[in-house]
Each structure stands twice: as structure tokens, then as C-alpha cells.
Amino acid sequence: MFSTDISELLPGTQKKILRLEEWCLQTGVYIRRTCTYRSSVAQKALYARGRENYADCVELYKEAGLVPPLDAFEPNWWKKKVTWTLNSMHSKRRAVDYCMRGKSPYDLKVDINRNEVPDWEEFAIIAQKCGLNAGYFWKPPKRDCPHVQDDEIYANKEENNNVKI
């Protein structure tokens with residue numbers, strides 16, 4: 001399982017994420033954290049999807065302490081790419097993934113607060129205003145609407161966690 005604990009993030013990133021979540025709540029954009037820190041082993045398991053065969057994907061999931069998706073609910077899950085990098089900002093404690101609360105957590109057109117702006121777009125705009133890089137604005141095929149990351153280089157070397165951007 002992936003962590004959703006904000007304390008797993010770097011302190012500067014934590015501050016931005018807390019600001020984002022508070023602002024979204026005040027705006028009526030109802031989000032839920034699905035992933036903060038992700039080990040490099042878990043990242044490798046995700047990266048294998050769409051690149052390795054079924055048996056290898058299952059083995060990598062087990063090595064990472066993850067449960068592979070059930071074929072009945074997600075047929076051919078190992079054939080679909082879900083990440084484009086082994087060098088994830090999640091593993092550097094600088095990224096968070098979200099979903100929307102409600103019946104359709106990944107529907108890009110959802111507008112729960114009924115202000116005629118899709119909630120994912122609002123979420124991304126708020127994230128940018130909080131100093132985060134929002135995957136919503138990335139160009140396909142790397143577009144990643146649920147993802148935000150902190151690209152800031154901090155003065156404190158420890159807080160940078162050796163990030164190369």
C-alpha cells in the first residue's frame with residue numbers, strides 16, 4: 001500500500017500540501033489524498049506495468065508489499081502503463097496524488113461545486129497558486145491530473161533530498 005501520510009513528505013512540501021488542501025476545501029473542491037511517499041521498490045512495480053509480462057508484474061508487486069489489482073475488476077491491468085518514470089518525486093518525498101471525493105473520483109469533467117469550472121482544473125490552478133507543479137497541465141502522454149509535486153529548490157540541502165529537476 002502507498003502512504004497517504006503527509007508527515008512522510010519533506011517539510012517545505014508539507015506546508016504547500018496543507019495550504020492546497022485547505023484552499024480546496026474552502027473552494028468546494030473535495031479531494032482525498034491517495035499517495036504521498038512511494039518507495040523505489042513500489043515505483044519499480046508500477047513502472048513494470050505496460051512494460052513487463054503478467055508474472056513479472058505480480059512478482060514486483062509482491063516484492064514491494066503491494067497487492068496486484070484483481071483481474072475481475074481490472075482485466076489486463078499489467079498491460080496498462082501507469083507511470084512514465086523510475087525517478088519519481090514520490091520517492092523523493094515531494095509529490096502527492098489525489099482523487100476527487102464522490103462517485104467518479106477520476107472524472108475530469110466533474111464539477112461538484114457547480115461553478116462551471118471542472119474541479120480537476122480548479123484543483124490544478126489552486127496547486128499552482130500554492131507553489132506546486134500540477135500534472136493536470138503537463139502535455140500528453142505525461143499528463144497526470146491527480147498529481148502535484150514540489151519542484152522548489154530549498155536553501156537547506158537536507159530539505160532538497162538530493163532532488164535533480
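Helices, meaning runs of H or I of at least four residues, and strands, meaning runs of E of at least two, are DSSP runs, numbered from the N terminus. I start there because every location in this talk is given relative to such runs, which are numbered from the N terminus.

Next, the background. This is a predicted model, in which local features need pLDDT of at least 70 and side-chain atom pairs count only at pLDDT 80 or more, while totals for chains, interfaces and linings use all residues. Residues are numbered from 1 along each chain as its sequence is written, and side-chain values use heavy atoms, with hydrogens and water left out.

Let us take helix 3 first. Helix 3 covers residues 54–63, and its buried residues are Cys57, Val58, Leu60 and Tyr61. Buried means under 20% relative accessible area, exposed means over 50%, and partly exposed is in between, with a 1.4 Å probe and protein chains only.

On the face turned away from the buried side, helix 3 carries the exposed residues Ala55, Lys62 and Glu63.

Now the two ends. At the start of helix 3, a side-chain oxygen of Asn53 comes to within 3.1 Å of the backbone nitrogen of Ala55. After helix 3 comes Gly65, with a positive phi near 75°.

On to the salt bridges. How many does a search of the whole structure find? The search finds 6. A salt bridge is a side-chain nitrogen of Lys or Arg within 4 Å of a carboxyl oxygen of Asp or Glu.

One of them joins Glu8 and Arg93, with the closest N and O atoms 3.0 Å apart. This pair links distant parts of the chain: Glu8 is in the segment before helix 1 (11–27), Arg93 is in the loop between helix 3 and strand 2 (95–100), and they are 85 residues apart. Glu8 has 26% relative accessibility and counts as partly exposed. Arg93 is partly exposed too, with a relative accessible area of 26%.

Another salt bridge is between Arg33 and Glu21, at 2.7 Å from N to O. Here Arg33 sits in strand 1 (residues 31–35) and Glu21 in helix 1, 12 residues apart.

Arg49 lies in the loop between helix 2 and helix 3 and Glu74 in the loop between helix 3 and strand 2, so the pair ties together parts 25 residues apart in sequence. Arg49 counts as buried at 6% relative accessibility, and Glu74 as partly exposed at 30%. Finally, Lys16, Asp150 and Glu152 are linked in a network of salt bridges.

Now Arg38. Arg38 lies in the loop between strand 1 and helix 2 and counts as buried, at 6% relative accessibility. Its side chain is joined to that of Asp97 by a polar contact of 3.2 Å. A polar contact is a pair of N or O atoms within 3.5 Å; within protein, one must be able to donate a hydrogen and the other to accept it, and residues adjacent in sequence count only if both atoms are side-chain atoms.

Which residues does Arg38 contact, leaving aside neighbours within four places in sequence? They are Phe2, Gln43, Leu46, Ser88, His90, Ser91 and Asp97. Of these, Ser88 is found in the loop between helix 3 and strand 2 and is buried, at 6% relative accessibility. Not counting residues up to four places away in sequence, Ser88 touches Arg38 and Gln43.

Last, Asp144. Where is Asp144 placed? In the loop between strand 3 (133–134) and strand 4 (147–149). Asp144 counts as partly exposed, at 25% relative accessibility. Apart from residues up to four places away in sequence, Asp144 touches Gly135, Tyr136 and Trp138. Asp144 and Cys35 are 109 residues apart in sequence, and 13 Å apart in space from C-alpha to C-alpha.

Note on methods: Contact means heavy atoms within 4.5 Å.
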